[in-house]
Structures are given as C-alpha cells and as structure tokens.
Amino acid sequence: MTDELPPEQPPFDEAEYRRRQRSRANLMGWLLGGLALLFFFITIARLVGPK
C-alpha cells in the first residue's frame, strides 16, 4: 500500500456560487412567469371562445 494523499480541491469561490444561484433563480422566475401567462391566455380564450 502506498500512503498517497487525496488531490487538493480547488478553493471555494463564493462569488461564482452566488452568480450561478442568481442565474438559476432568474431562469425559474421567467419560466414560472411564462407559465402563468400561458394559463392566463388559455383561460381568456376559453371564456371568449365558441360556446
């Protein structure tokens, strides 16, 4: 057996972590907003559509 040390991990970059977190939050916000608009327009179309 050899006494090898595990490889060094790169230092944790909190600024990069926050940037990625903010990016994911923005994406989810846009997707949820788009879904809400889609439901809104479908509801309006069903109310105004043929009876």
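Because the model is predicted, local features require pLDDT of at least 70 and side-chain atom pairs count only at pLDDT 80 or more, whereas totals for chains, interfaces and linings use all residues.

Helix H1 covers residues 14–48. The radius of gyration of the protein chain is 24 Å, while a compact globule of 51 residues would have a value near 10 Å. This radius is taken over C-alpha atoms, and the globule rule is 2.2 Å times the number of residues to the power 0.38. Along its principal axes, the C-alpha trace spans about 80 × 30 × 5 Å. Asn26, in helix H1, and Thr43 are separated by 17 residues in sequence and by 26 Å in space, C-alpha to C-alpha.

The accessible surface of the protein chain amounts to about 5600 Å², and carbon and sulfur atoms account for 65% of that surface. Accessible areas come from the Shrake-Rupley method with a 1.4 Å probe, and for residues only the protein chains shown count as cover. Buried residues make up 0% of the 51 residues in the chain, where buried means under 20% relative accessible area, exposed over 50%, and partly exposed in between (1.4 Å probe, protein chains only). Asn26 is partly exposed, because its relative accessibility is 45%.

A nonpolar surface patch of about 790 Å² is formed by Leu27, Met28, Leu31, Leu32, Leu35, Leu38, Phe39 and Ile42. Patches are made of residues with over 30% relative accessible area and no salt bridge, like charges being joined within 9 Å and nonpolar side chains (Val, Leu, Ile, Met, Phe, Trp, Tyr) within 5 Å. Leu38, one of the patch residues, is found in helix H1 and is partly exposed at 47% relative accessibility.

Side chains of opposite charge can pair when their charged atoms come close. Three salt bridges are found in a search of the whole structure, a salt bridge being a side-chain nitrogen of Lys or Arg within 4 Å of a carboxyl oxygen of Asp or Glu. Arg18 is bridged to Glu14, with the closest N and O atoms 3.6 Å apart. Both Arg18 and Glu14 lie in helix H1, four residues apart, about one turn of the helix. Arg18 is partly exposed at 42% relative accessibility, and Glu14 is likewise partly exposed, with a relative accessible area of 45%.

A salt bridge also joins the side chains of Glu16 and Arg19 (2.7 Å, N to O). Glu16 and Arg19 are separated by about one helical turn, because they are three residues apart in helix H1. Glu16 counts as partly exposed at 25% relative accessibility, and Arg19 as partly exposed with a relative accessible area of 44%. The side chain of Arg20 meets that of Glu16 in a salt bridge (3.2 Å, N to O). Through salt bridges that share partners, Glu16, Arg19 and Arg20 are joined into one network. Arg20 and Glu16 are four residues apart in helix H1 and therefore separated by about one helical turn; Arg20 is partly exposed at 48% relative accessibility.

A pair of aromatic rings is described by the distance of the centres and the angle of the planes. Rings of Phe, Tyr and Trp (its six-membered ring) pair if their centres lie within 6.5 Å; planes under 30 degrees apart count as stacked, over 60 as edge-to-face and the rest as tilted. Phe12 is exposed at 65% relative accessibility, whereas Tyr17 is partly exposed at 38%. The pair of Phe40 and Phe41 is edge-to-face, because the ring centres are 5.5 Å apart and the planes stand at 65 degrees. Phe40 counts as partly exposed at 47% relative accessibility, while Phe41 is exposed with a relative accessible area of 52%.

Key: Residues are numbered from 1 along each chain as its sequence is written. Side-chain values use heavy atoms; hydrogens and water are left out. Helices (H or I, at least four residues) and strands (E, at least two) are DSSP runs, numbered from the N terminus.
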